[in-house]
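Take a walk through this model, from a helix pair to the nonpolar cores and then out to a loop.

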Protein chains: 2
Amino acid sequence: MQSNLITPTPSAYTYPLLVKQLLLNSQSLYGDQEITYRGELRYSFHAFRQRVGRLASALTALGVRHGSTVAVMDWDSHRYLESYFGIPMMGATLFTVNVRLSAQQILYTLNDSEAEVVLVHADFVPLLEEIKGDLACVRHVVVLADGEPMPQTSLPVAGEYEVLLGQASPDFTFPDFDEHTKAATFYTTGTTGDPKGVSYSHRDIVLHTMATAMTLCSPRDGQRLHREDVYMPITPMFHVLAWGIPYIAVTLGLKIVLPGRYVPELLLKLHDTEKVTFSHCVPTILQMLLQASQGGMHDLSGWKVIIGGSALSPALCEAALECGIDVFAGYGMSETGPVVSLAQLPPRFKPANRQEEVWMRCSTGRPVPMSDFRIVDENLCDVPHDGKSQGEIVLRTPYLTQGYFKKPDASEALWQGGYLHTQDIAVMMPNGFVQIVDRIKDVIKTGGEWVSSIEVEGLIAEVPGVQESAVIGVRDAKWGERPMAFVVCKPGAKVKAGAIREHLLRYVESKRISKYAVPELDRITFVAEIPKTSVGKINKKVLRDRAV
Amino acid sequence: MQSNLITPTPSAYTYPLLVKQLLLNSQSLYGDQEITYRGELRYSFHAFRQRVGRLASALTALGVRHGSTVAVMDWDSHRYLESYFGIPMMGATLFTVNVRLSAQQILYTLNDSEAEVVLVHADFVPLLEEIKGDLACVRHVVVLADGEPMPQTSLPVAGEYEVLLGQASPDFTFPDFDEHTKAATFYTTGTTGDPKGVSYSHRDIVLHTMATAMTLCSPRDGQRLHREDVYMPITPMFHVLAWGIPYIAVTLGLKIVLPGRYVPELLLKLHDTEKVTFSHCVPTILQMLLQASQGGMHDLSGWKVIIGGSALSPALCEAALECGIDVFAGYGMSETGPVVSLAQLPPRFKPANRQEEVWMRCSTGRPVPMSDFRIVDENLCDVPHDGKSQGEIVLRTPYLTQGYFKKPDASEALWQGGYLHTQDIAVMMPNGFVQIVDRIKDVIKTGGEWVSSIEVEGLIAEVPGVQESAVIGVRDAKWGERPMAFVVCKPGAKVKAGAIREHLLRYVESKRISKYAVPELDRITFVAEIPKTSVGKINKKVLRDRAV
């Protein structure tokens, strides 16, 4: 089927999709659009472009070449944004280090990625010191002193970021190369095994930018991005390229606010003074912002905020809506670009009641255009789109990870049958809205039924005095598995296991959950804390080990 | 520089950019979005998708295969829209025939394109009859009877479109293939030589859709497209794929109104009854619509209309704004996708006066993101972006024609130096707005200066009694070239050559034009009509021949 291809005339330019095009042909370069770091420093897009050139010149002087990997350990700064462009644009690979991992895990990822140069904020120099003896490939360290004096260190420091940029030429000619060149990499940390390296090519990043931008921009008014928005990321820039939104912001020429280390009061202050209108974060950050804004000091109305990373709960959504925040969920994973669906309200949507609107905003949303987003059974056959039939979300989009770095088995498992397996179990409504009900491995198979651990956790959370809970399946000779709940009470509160059972049984009566979903009294355990992963998700692996 | 490429794991799906993705993963398939033909027939996107399957099945039964070319001769109909998808999606090439060409030119293009099957509206059957003896490759003709009885014809008719679709299966599995496969072709008619075949690959169409959609959707309010818009094309669907906008409308799931043959009263009626909010057309059509709406029967306010094909004049822009039409220019050519710039008002734009706003709306606009849009001198060096320095617009975008079909010399000339040469002379303002001043071959080189024929035409049009004019350069021993004006007076009006000269000389005084721009009295000729090309542009070739 390779016939009927278009053959370019010899002189024709066959345009590769490269990250540089997003910056060099951004919509803002002719204007004086600005980028600010914590409101303390600000410069124009023109200056940004100059600094990206300087960064590439400085890294070239350090021996960085096409194919080199350059690691970054920083808070969300303008320097991080410069690395998002400068490093891939020179043909090197940007490695965004998850600074929340343990020193040993960071060591593993720096060695596995074969990083040659590390750009490191002074705050993380001690962490790097700890592992420096075992670093296999790192030749140079560039310190981001961030306005403070250079820290004392025995690392192989090539210089301070601003000093090196000051000495380097802004005139760097960014070359063309194959659009399948690796542009960025980072590591996803499951609950088992070593972190796995995920990579995106230039083509992936450009297509994710275009597809996500057209989806975000196209609603008539709510839950949308437009050229007059002021953008502030509140998802760490090491986390799946801050969901790819910084690339969109640069392409469309938005004002960009980089908040540095996340401090709720500073985030709110920046929101007010810089007139931020568009952000994205995980539910925990949103919760912190709402708490910090209590007392009515901040007017958050009109702030559009995408929530991802974990599920947006109806209660949190309600609280955000009360403050006037135009909050909605997005869905994706480290391996998926990440954005594959967004919970934007449908065109001409008139909710029957607030509950329906909240449900839609909290849902997994509707697939973005060009995403072949399916919900399938074990044979890769579509389940009915009836809002009830459960299946795994499997995907084909123009920008999915093509496999894990040096992990052929995990890569093949990810792509079994030619679809990317998300391991998320979901239902699809007739109107195309998707709702995730659980992770494949967290679904509790009991009495011949599938019970969503997340749904049971949500219902337990309704019991007065409960702060949080985690539900897992434990082996059972008779039923295959049975649910077991770990419950954290609010400070000072006393909750009884019987009260939880009674609460759940009411939902059995109303047929919302199956009777198999209710844990026995001796499988309701009160704990001081629920173990979490480095990105704040419940670590069910630890709980399962504990249950055994 | 082919190192550091991402290698997909064997099971990974490497997603080709194909037209089918725009339809199969459109944002509207879950809803009940509708498509209507003249308000007389309407069906859902779901039904549209079924009919696209039926079309592919029917064409397969006629022997159409991957690589076949299928020609379409129709007014703007839902059937045309079906062919926009069904034909490329099956791996065949859609050939959109310019039905305004002469029979001999149509014959040339049908033979040159090697079209095997022609879908032809009954209105164009006589035209096809005229040339049937010389058709080299056409095996089958499918008649689009459009609700009327089948016309009598001796053409090799395989059947009537609706009958064939009714007999064919909607279940057609659209295969994957290389994204560089030729999806669509059509012919561009210069003023010299045979029409030249322009082609776009699936990748070109998808990237044009994405880049143009994100540009059109991203403004805060004015001059934008959103998901609640109702779209009606008023640029013929044979004309550069109706500027690619139907692909955007399907991808975003807009309601689509196909108006059939353009009749101003019907277009206005459809605007009213179907609540059309987004269209695009050439200036002549806009003029016709404004004339037909006189008397205040139609409320055109809020109608967003892109103007392309030729320049939007300030007077026409003003008249449209008076009616509340949110009118703005777009720029592109048959060879460029077509959209490469749009005259959307910049973010936070506050015009100093109406004139400034009109100027911006009428300008060539600002390049869409990812377009490497340059204005260069003869050595391919950028001219200053000062609003004065003239140069040729040359381009690199992800979706430009890679050459003309079977025309290697013209293809190389188009792509000389690795940039697509538009042959349009323009200036760029410091804020990135571009203004075309003339076509390269129409610029008058006189007295060592370049005079824009278009600018002089615009000034002559201001003289009371003048309806239209065309200015060309004619050889002159002393000055190289001198301007010559052909002027058409309004019915009943009398204009003197002296009045035109006096009017122009006033602009010499105010330094708007050079004294070399004013034609001598004997080079101002009054004519009954200005010769035009098939797409309505002034045919200066004919005028130059006449002048000699």
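The paragraphs below take these topics in turn.

This is a predicted model, in which local features need pLDDT of at least 70, side-chain atom pairs count only at pLDDT 80 or more, and totals for chains, interfaces and linings use all residues. Residues are numbered from 1 along each chain as its sequence is written, and side-chain values use heavy atoms, without hydrogens and water.

Start with two helices of chain A. Helices here are DSSP runs of H or I of at least four residues, and strands are E runs of at least two, numbered from the N terminus. The axes of α3 (residues 78-89) and α8 (residues 245-252) of chain A come within 10 Å and cross at roughly 85°. α3(A) and α8(A) are therefore roughly perpendicular (65 to 115 degrees). From α3(A), L81(A), Y84(A), F85(A) and P88(A) make the contact; from α8(A), P246(A), Y247(A) and V250(A) do. Contact means heavy atoms within 4.5 Å.

Now the cores. A nonpolar core joins buried Ala, Val, Leu, Ile, Met, Phe, Trp, Tyr and Cys residues through side-chain atoms within 4.5 Å; buried means under 20% relative accessible area, exposed over 50%, with a 1.4 Å probe and protein chains only. The largest core has 240 residues, and F85(A) and F85(B) are among those that touch the most other members. Beyond its neighbours within four places in sequence, F85(B) contacts residues including F48(B), Y247(B) and V250(B). A second, separate core of 28 residues includes L266(B) and V358(B).

Finish at A528(A), in the loop between β25 (524-526) and α16 (540-547) of chain A. A528(A) is exposed, at 76% relative accessible area.

Conventions
Chains lettered and ligands numbered in written order. Axes fitted to C-alpha atoms, helices over the stretch in contact; angles between N-to-C directions. Parallel < 35°, antiparallel > 145°, perpendicular 65-115°, else oblique.
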